[in-house]
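Below is a walk through one protein model, taking its charged contacts, its nonpolar core and its surface in turn. Please keep the viewer open while reading.

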Amino acid sequence: MRKRRGKKGNRGFSVLTVLILLPLLVTIVMQNMQLKQLMAGVGQAKEDSEMPEETLIGIVAKEINVTVDEEVLKAQCVIARTNFLDAKKKGTKEPEAMSIEEMQEIFGEDFFKIYGKLESCVNSTAGEVLTWQGDYIYAAYHAVSNGNTRSMGELYEDVYMPYLSCRECHEDTTAEGYLAVCYWKSEEFLQKIKEAFPEAKAEDMSQIQVAQRDTAEYVLKVQVGETECSGEKFRRAFGLNSSCFTITDTGENIRVVTRGIGHGFGLSQHMAAVLSEEGKDYREILAYFFPEAELTQEKMK
């Protein structure tokens, strides 16, 4: 009798275990099926001559923090679509995208939830692009401005882009990472100068000065010895967060203070999030950062 009870108990435990694990097994199987469908869709997308909407998901995932409000994500979807189609038309480098595998690794157990959120935002803005005078705009964006976005006309005098003008973003000054301070020993700083600008022949710090700023206080030109370089080129040479910077020789060190994150043109993602919190939708957000640009509909595959 004891053996029979033991066998019945084991069978009961086995049935209970199966009942508990069955939903998990079904979920795993369904997710694997979903993943195969996604991979198949991406594979088909690569074969198409035009950009299907699915391609945007990987691009947007790479360009912005996916935890932001959906209205901000929608604005980024329009920006990504505009830049992709503009690059395709001109034969220039297309925006980079995350692969399904990369998204799986980064998003982990939230992969399907985040992918669904991105897909919904892409579908909600299907075919929408930003244009000016019938052509795609340069839909620039960055993480955090220095408190104002920049005018492209001040950087390139021969370029007329009225949709990239100064826009007030005071709330950006409270963003995480807005202010960054870097220090170098004088000899280390000068060595980096010599490596980045060998033709400059800069021998001491007195030969390195900010020569010109734009209205938004971003550096336009830096005098480096016998040469002059753009603020963006100097920023890249030193890996600075922003081209809104100051250089100070403290006597012991060279201190560089930056404000903002990114080049400062176009949409500030942090300020876009603030506008979204205030009740603005993606159309209003895009209109704020790209004045004179039109939100138009383009047929997509």
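In this predicted model, Lys-93 has a relative accessibility of 68% and therefore counts as exposed, the cut-off being over 50%. Its side chain meets that of Glu-96 in a salt bridge, with 3.3 Å from N to O. Glu-96 has a relative accessible area of 45%, so this residue is partly exposed.

A search of the whole structure gives 11 salt bridges. One of them joins the side chains of Lys-89 and Asp-135 at 3.0 Å, N to O. Here the partners come from distant parts of the chain: Lys-89 belongs to helix H3 and Asp-135 to strand E2 (residues 135-136), 46 residues apart. Lys-89 is exposed because its relative accessibility is 55%, whereas Asp-135, at 30%, counts as partly exposed.

Another salt bridge is formed by the side chains of Glu-128 and Arg-283, with an N to O distance of 4.0 Å. Glu-128 sits in strand E1 and Arg-283 in helix H10, so this contact ties together parts of the chain 155 residues apart in sequence. Glu-128 is buried, because its relative accessible area is 9% and the cut-off for buried is under 20%. Arg-283, with 43%, is partly exposed. Elsewhere, Arg-150, Asp-214, Glu-232 and Arg-235 are linked in a network of salt bridges.

The nonpolar side of the model comes next. The largest nonpolar core has 51 residues, and those touching the most other members are Met-103, Leu-118, Ile-137, Leu-267, Leu-286, Phe-289 and Phe-290. At least two core residues come from each of H2, H3, helix H4 (100-107), helix H5 (111-124), strand E1 (128-132), helix H9 (269-277) and helix H10 (282-289). The largest contribution is that of H3, which gives nine residues.

Helix H3 also holds Ala-75. With a relative accessibility of 1%, Ala-75 counts as buried. Between the C-alpha atoms of Ala-75 and Leu-267 the separation is 9.1 Å, although the two residues are 192 apart along the chain. Leu-267 is one of the core residues that touch the most other members.

On the surface, a patch of negative charge is made up of Asp-69, Glu-70, Glu-277 and Glu-278. Asp-69 lies in the loop between helix H2 (54-63) and helix H3 (70-90). Its relative accessibility is 40%, which means that Asp-69 counts as partly exposed.

Technical notes:
Residues numbered from 1 in each chain as written. Predicted model: local features only at pLDDT ≥ 70, side-chain atom pairs only at ≥ 80, totals over all residues. Heavy atoms only, no water. Patch = residues over 30% accessible without salt bridge, like charges linked within 9 Å, V, L, I, M, F, W, Y side chains within 5 Å. Areas by Shrake-Rupley, 256 points an atom, 1.4 Å probe, with all protein chains shown as cover. Lys, Arg positive; Asp, Glu negative; His and termini not counted. Charge placed at Lys NZ, Arg CZ, Asp CG, Glu CD. Helix = DSSP H or I, 4+ residues; strand = E, 2+ residues; numbered from the N terminus. Buried < 20%, exposed > 50% of the residue type's maximum accessible area, 1.4 Å probe, protein only. Core = buried A, V, L, I, M, F, W, Y, C linked by side-chain atoms within 4.5 Å.
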